[in-house]
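Welcome! Take a moment to look over the model, and then let us walk through some of its strands and helices together.

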Amino acid sequence: MTGYDDRDGKIWLDGALVDWRAAQVHVLSHALHYASSVFEGERAYGGRIFASRAHSERLIASGAAIDMPIPWSVDQIEAAKAEVMAANGLSDAYVRAFAWRGAGEDMGVSSARNPVRLAVAAWEWGAYYGDSKTKGAALDISQWKRPSPETIPSHAKAAGLYMICTMSKHAAEAKGFADAMMFDYRGYVAEATGANIFFVKDGEVHTPLPDCFLNGITRQTVIGLLRERDIPVHERHIGPEELEGFQQCWLTGTAAEVTPVGQIGDYAFEVGALTREIAEAYETLVRA
């Protein structure tokens with residue numbers, strides 16, 4: 001498999017399509033040193049990016065949250081995504097739009113004089129958790145916790161917030177797990193490293209309140225699907241002692257879509273009827 005830096009195709013960079021291999025930045029780009037970057041992960045089905053405009057709106061909001069105004073409009077970002085899809089001849093694809101502080105006059109913590117840059121790339125990407133959609137993903141429990149919103153802009157999809165996610169996922173994979181579940185700074189269940197989490201008990205659904213982590217677009221979509229079916233959904237704080245009482249579990253995210261979970265640490269879950277129903281309903285919706 002070729003690396004992501006060595007492929008044929010086009011990437012939209014600062015207003016124009018460039019050859020994939022030519023989409024490069026300087027090593028003194030501020031984002032490389034201080035994580036001044038925000039991004040979106042999106043999926044296209046049959047040539048249409050699901051919830052595309054909501055993702056573009058969140059990208060701009062995330063930039064504003066980290067004091068990095070993005071000098072492109074939602075409409076311009078939408079046009080760039082369409083251009084990339086067409087240029088690469090893609091129909092079902094993963095789309096990554098991202099903005100960052102580039103190289104400029106500042107090379108310390110401050111970066112106000114450095115330009116904000118924007119790129120959009122797209123590629124074919126299969127199931128994020130491999131065959132877990134049938135047998136259920138196995139999750140470790142991370143030693144790292146999602147921090148307090150008093151310390152970070154937790155509602156932003158900012159690159160720096162994912163450092164502990166990468167560390168957690170690496171540790172989980174080293175032990176044979178697909179991913180890791182994280183608690184928050186208070187000890188409540190939060191999320192996986194790149195996906196929100198849901199639990200089922202006696203036909204009702206429980207999901208952590210997103211008060212210190214990202215309220216994912218897929219998460220919101222799935223809650224809507226549940227409510228359309230009159231299935232009770234409880235958005236609340238979930239303590240670790242409750243894990244043994246849940247019967248089903250699944251993850252949601254643009255990359256993960258709806259992925260069943262079969263194990264979290266020592267706790268086991270069935271890939272039950274409701275999990276399968278919601279996964280199928282989501283698949284139908286995104287391809288409608």
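## Strand 1 and strand 2

Lysine 10 has aspartate 19 in strand 2 as its bridge partner. Strand 1 (residues 10-13) and strand 2 run antiparallel and are joined by 4 bridges. Here two strands pair if DSSP finds at least two bridges between them, and the elements are DSSP runs numbered from the N terminus, with helices (H or I) of at least four residues and strands (E) of at least two.

Before going on, a word on what you are viewing: this is a predicted model, in which local features need pLDDT of at least 70 and side-chain atom pairs count only at pLDDT 80 or more, while totals for chains, interfaces and linings use all residues. Residues are numbered from 1 along each chain as its sequence is written, and side-chain values use heavy atoms, with hydrogens and water left out.

Of its residues, 9 of the 9 are buried, so strand 3 is largely enclosed by the rest of the structure; buried means under 20% relative accessible area, exposed over 50%, and partly exposed in between (1.4 Å probe, protein chains only). Both faces are covered, with Phe39 and Tyr45 among the buried residues on one side and Val38 and Ala44 among those on the other. Strand 3 pairs with strand 5 in the antiparallel sense over 8 bridges, and glycine 41 has arginine 96 as its bridge partner in strand 5. Strand 3 is also joined to strand 4 by 2 bridges, again antiparallel, with alanine 44 opposite isoleucine 49. In the hairpin of these two strands, which has 2 residues between them, glycine 46 takes a positive phi near 60°.

The axes of helix 2 (residues 52-65) and helix 3 (residues 74-87) come within 9 Å and cross at roughly 125°. That makes helix 2 oblique to helix 3. Axes are lines fitted to C-alpha atoms, for helices over the stretch in contact, and angles run from 0 to 180 degrees between N-to-C directions; angles under 35 degrees count as roughly parallel, over 145 as roughly antiparallel, 65 to 115 as roughly perpendicular and the rest as oblique.

Which residues meet? Leu59 and Ile60 are among those of helix 2, and Val74 and Ile77 among those of helix 3, where contact means heavy atoms within 4.5 Å.

Strand 10 is joined to strand 13 (residues 248-253) by 5 antiparallel bridges, with isoleucine 197 opposite leucine 251. Strand 10 also forms a hairpin with strand 11, with 2 residues between them, and phenylalanine 199 stands opposite histidine 206.
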